[in-house]
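Trainee: Could you show me how to read a pocket and a group of aromatic rings in a model?

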Amino acid sequence: MTRSSFLASFLASFLALLAGILLISAWRGPAHAQSAPKKGELLSGSATVVEGDTFDFRVNRVRVWGIFSPEQRAWCWRNGQRWEPAGEAAKALRECLKGDAVTCRVQRSERRWFRKRYVSECWTDDGRDVGACMVRAGWATDYSCYSGGHYRDLEAEAKHGGLGL
């Protein structure tokens with residue numbers, strides 16, 4: 001490799017790296033654009049479902065408080081077939097939200113991978129508890145170590161009715 005081709009290759013790599021950094025910065029927005037929500041504060045807006053217990057409000061990722069839903073790539077056996085329920089759980093969360101605006105009260109924040117997410121109690125504009133909707137439909141379970149058994153009875157009803165999971 002000649003010196004000029006090495007410099008051209010190095011310059012191209014450097015410019016690609018710089019462009020990537022600028023794109024990420026533009027995507028995340030300026031650091032001062034939005035302060036991080038604190039415990040007790042409300043978040044609201046239109047939600048984009050990520051998983052059966054997680055959705056995004058633009059830049060804020062929210063995990064629904066008190067429930068547990070199957071993670072991506074989790075699987076089990078159902079009727080003798082390997083089954084990955086995460087997609088169906090996410091679909092059920094979309095149904096619970098039904099395109100309505102959602103309001104959430106932040107309970108705590110936690111770092112998940114490279115971003116924060118806000119564990120929050122959430123409800124739709126018509127007052128439906130999002131966690132209760134998911135547990136009642138059988139697509140989430142009561143996460144009792146956090147909820148203190150708040151959704152325990154709804155989980156038992158869903159199991160008795162053979163719903164969801």
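**Pocket lining and aromatic rings**

Mentor: The lining of the second largest pocket divides into two nonpolar, two polar and seven charged residues. Here Ala, Val, Leu, Ile, Met, Phe, Trp, Tyr, Cys and Pro count as nonpolar, Asp, Glu, Lys and Arg as charged, and the others, Gly among them, as polar. The model is predicted, so local features need pLDDT of at least 70 and side-chain atom pairs 80 or more, whereas lining totals use all residues. Numbering runs from 1 along each chain, and side-chain values use heavy atoms, without hydrogens and water.

Trainee: Which residues line the second largest pocket?

Mentor: Rolling a probe the size of a water molecule over the atoms shows where empty space is left. In this structure V50, E51, T54, R61, E71, Q72, R73, R112, W113, R115 and R117 line the second largest pocket (an open set of 1 Å grid points over the protein atoms alone where a 1.4 Å probe fits, with protein on both sides within 12 Å along at least five of seven lines; lining residues have an atom within 4 Å of a point).

Trainee: How many aromatic pairs does the whole structure hold?

Mentor: A pair of aromatic rings is described by the distance of the centres and the angle of the planes. The search finds five (centres within 6.5 Å; planes under 30 degrees apart are stacked, over 60 edge-to-face, the rest tilted). One of them, F68 with Y143, is edge-to-face at 5.8 Å and 65°, and joins residues 75 apart in the chain.

Trainee: Which residues form one aromatic cluster?

Mentor: F68, Y143 and Y146 do. The ring planes of Y143 and Y146 lie at 80°, with centres 4.9 Å apart, so that pair is edge-to-face too. F68, at 34% relative accessible area, is partly exposed (between buried, under 20%, and exposed, over 50%, with a 1.4 Å probe and protein chains only), as are Y143 at 28% and Y146 at 40%.

Note on methods: Rings of Phe, Tyr and Trp (its six-membered ring) pair if their centres lie within 6.5 Å; planes under 30 degrees apart count as stacked, over 60 as edge-to-face and the rest as tilted. Helices (H or I, at least four residues) and strands (E, at least two) are DSSP runs, numbered from the N terminus.
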